[in-house]
Amino acid sequence: MVDRKTFYGRIKITKGFGSKKPNPSHFKTNDMGKTCLSKLQGSILTNCTIPTHGIKNIYLIHVQDATLTFAPDGAIRTITFVTATGCYKVEGYKQNIQVTTAIRTMDASNKMDISVMFKVPSKLVGASMRLLTGRFYVMIESNDMYYYFAGSISPLECSGYDLDLNTNGQLATVTLTAPDGSAGNYLRNIETAAVNTILTNTSI
């Protein structure tokens, strides 16, 4: 016969698990999770300030005119221009510049499809011809003075040149994207030294 002390002690021990003792495996985490190849380096934070949206300018860089180096986190660390070359500024006006991204699924790892769209006057025939045939890196300057870099893996090429001389102030809409079959891109950060190099080597 079980005394009252032993009886109530048993109830206390097994409470919440019925008549069975708790299985230690219930408290184990799965140690067979996926191995992370690239981990976040910090928290993703925001604040309560009112952001300034939009793109102020973009800077087009011919691939053959520049050499890039990268920081450990993937940002553009430096850019070196070939002598007597530089980059070309496209001014933003009333949101005439757009940058969009979509995922590009690859066998090795996912990349981005980055599209850069902007307007140019139809009278700039020479510039239009070079846009149609060029391969570009693009630095993007936002209205809040933050900088991004596109095309570092797969340089961007002209995939669209839409013009109607009867509308839109005779402005052509140019679209730059990585070509089909390429490895895609990342939208990268760019360090201050590289930003300054681009800004000081912008053709007028």
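Does A178 count as buried or exposed, and at what relative accessibility? I found A178 at 8% relative accessibility, so A178 counts as buried (buried is under 20% relative accessible area, exposed over 50%, partly exposed in between, with a 1.4 Å probe and protein chains only).

Note on the source: this is a predicted model, in which local features need pLDDT of at least 70 and side-chain atom pairs count only at pLDDT 80 or more, while totals for chains, interfaces and linings use all residues. Residues are numbered from 1 along each chain as its sequence is written, and side-chain values use heavy atoms, with hydrogens and water left out.

I placed A178 in the loop between β10 and β11 (188-189) (strands are DSSP runs of E, at least two residues, and helices runs of H or I, at least four, numbered from the N terminus). Beyond its neighbours within four places in sequence, A178 is in contact with R104, I114, S154, P155, L156 and N185 (contact means heavy atoms within 4.5 Å).

Next I checked the strands. β9 (residues 156-162) pairs with β7 (residues 135-142) in the antiparallel sense over two bridges (pairing needs at least two DSSP bridges between two strands). R135 stands opposite E157 in β9. β9 also pairs with β10 (residues 171-177), antiparallel, over five bridges. The bridge partner of G160 in β10 is T175.
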